[in-house]
Amino acid sequence: MDWQKKADEIAQATGLPIRGMECSNVEWEPLLLEQERNGWELIYLAQNEDRAFLFLIQPDYWDRASRALLELYLTPAATSQPPQSIAEQLASWFQGLLDHPGTPPPRSVQQLTWREKRVIFLVERCRNESKWTWESVEPLLRDYIPDIQPTSLIIPLNPTHLLLIVPLSVIGTDGREDTLEWAYGLQELLACEVLDSFRVLVGPPFSSLTDAGRTFIELYHLSSALQRFRPSKMVAASWHYPLERWAAMLPDAVATGVLQAISSVRALPALSTEQKEALETLFAHQLNVSETARQLYIHRNTLLYRLDKITEATGLDPRHFPDAVLLQLHLLFGQN
Amino acid sequence: MAKVILNHVYKRYANQVVAVDDFHLEIHDQEFLVLVGPSGCGKSTTLRMIAGLEEISEGELYIGDRLVNDVAPKDRDIAMVFQSYALYPHMNVYENMAFGLKLRKFSKSEIEQRIQEAARILDIAHLLDRKPKALSGGQRQRVALGRAIVREPQVFLMDEPLSNLDAKLRVQMRTEILKLHQRLNTTVIYVTHDQTEAMTMGDRIVVMKDGLIQQVATPSDIYNHPVNQFVASFIGSPSMNFLEGNLLEKDGHVIFQIDAVEIRFPEDKAKVLRDRGYVNKPVIFGIRPEDMYSEPSFLEANPFPSTLVAEIDVVENMGSELYIYFHNIGGTQMVARVDARDALKPRMSIQLGLDLSKCHVFDRETQVAVF
């Protein structure tokens, strides 16, 4: 599209002040500011991959009818570009939610009503130096997910994150175990077939786009929390790690203050890896000793012995709730 | 099947942390090599560099005769088996194993043939129609292995594949993996922090610490001839006992002295210590728990000064043997593994004979083994 030629044609036909300016995609905003200071107004912005073209008018010369005609004239040119796919529109919306959480879904995708519930997976690549793109991974996901089209959506958000929205019927039931099992399967698929490091996070089933947006934000925050506090956890669900999510959202100064406050209550010695593992498993299982022992594949008495040793070393009994909270906070803030 | 060569390989991170420092090793074709060491020693980073999951900061990596530094992970002809044994939940066992082959456009007959062969090797032929939910932990782990096997890669990379299994299953799968290696005759590089796994599985073991290779040797060499105190302490359970004391020349004998205890070295070891100038110097004396004996026959054959008198703190009965813990020699916690027929109790004193043909001495400053 020759935008300059178009601007010249309009100026010639109407005799009204209109200006076409071309620049690179990163320069158009400062250029527009400068032109606005000189009394020009942007009537239309045309963009391609790397260039931008600004249609500017002197607003005093253009009455309402002329402006409407001008907009009508320029709009077909705009729509002659390939329309954004639903995935692209959703990607822009999801990305925008991180800065403006309440933004409603774009009108063009609001008609996306689903009769059955969906499940959302946030896939995160953990290695920035790898050279592949999400585009190359999409065929793998399409082969993997049964009945991928048109009921499932693969939405690359940016080079690091990809969203996968699949109908609940693909997963099975809406039980947490099933969705988590799927997350593990996806992580394994990507790790084995792309041979790279991925984190896969999953949320509860939802039936509206607004809920999808809310779940996405939760998963995004969970991802930040895991990067900081549990970098080795590669699969998790939005209902996991509430304390880590809370801690990750604290400003650094507040987190430092929390650590100082905890240390002032009691100075704790460094714990061994085995002790930390026992505590973290105990906390993950709501202080249930038998379940923790089962998870750690050790006898209940062995676990009790280890917990006694921790009490001996720290003066805090991890089976006692207030002490457990203090130990958990100490582990969380002390090691990060 | 292929050899793997790591030629002076380094991994440095942006914060100047050196995770792997001058790793230089040729892993032989069909070898089962185990990388072992404590958390943060660089073993997983090394494996991930071989897989292509971490970039190599410096050095060269060859798989077969091909330099693969810049080859994408999926093009390196490797298969990786991870800690988790997650399967694809909506596919049955057959489909789980076939999926990777279908992606690579193998013919149906080839897929069928490879899966049947892998199923036979892993003894899971009767499970091929089952969904993952209907499998036990051990069966899932076998299917996960099967998925790697059917690809027939040049090299298997295994990153702590057994650490998520319970103790009994871990022992069972250890044997299964070894049998598998014997049948497949493929190069396997296996990472573990478990020294028992390392000792029982590896043709050779690489012990790592702080990003550096400490020792590369067969399991028996690592156990019997550790090159430094770290390797000596890391391999063996219970760990080797260490005593810090001085070497003296007394009445024509070389003596290790700690407090009032004197241990006289046999002449062949005394000669080494003299020749290397360790007499009248502080050293670390090392002896494994099983090289201390309470049996009268041993004590009669090895009279003073190769004995210690232990005042027992704790006795652990392991069924066939007893572990006795004591700390009356220089205040150092020590453990001896003795015959379970001895009726030993805490607060008893017991004379222990030391098999000095198997003792170790380490330089106090460098912790390097003298022998």
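For residues 4–235 of chain B, the UniProt record, an unreviewed entry, lists "domain: ABC transporter"; such positions are given in the numbering used here, feature names are shortened, and annotations may be inferred rather than shown by experiment. The structure is a predicted model, in which local features need pLDDT of at least 70 and side-chain atom pairs count only at pLDDT 80 or more, while totals for chains, interfaces and linings use all residues. Residues are numbered from 1 along each chain as its sequence is written, and side-chain values use heavy atoms, with hydrogens and water left out.

The span of residues 4–235 of chain B is 37% helix and 25% strand, and its end C-alpha atoms lie 25 Å apart; helices (H or I, at least four residues) and strands (E, at least two) are DSSP runs numbered from the N terminus.

Contact means heavy atoms within 4.5 Å, and, leaving aside neighbours within four places in sequence, B:I27 is in contact with residues including B:V4, B:L33, B:T187 and B:R204. On the same exclusion of residues up to four places away, B:T187 touches, among others, B:A2, B:I27, B:Q30 and B:F156.

The side chain of B:T187 reaches the backbone oxygen of B:A2 at 2.5 Å, and a polar atom of that side chain lies 3.0 Å from the backbone nitrogen of B:Q30.

Key:
Chains are lettered from A and ligands numbered from 1 in the order in which they are written. A polar contact is a pair of N or O atoms within 3.5 Å; within protein, one must be able to donate a hydrogen and the other to accept it, and residues adjacent in sequence count only if both atoms are side-chain atoms.
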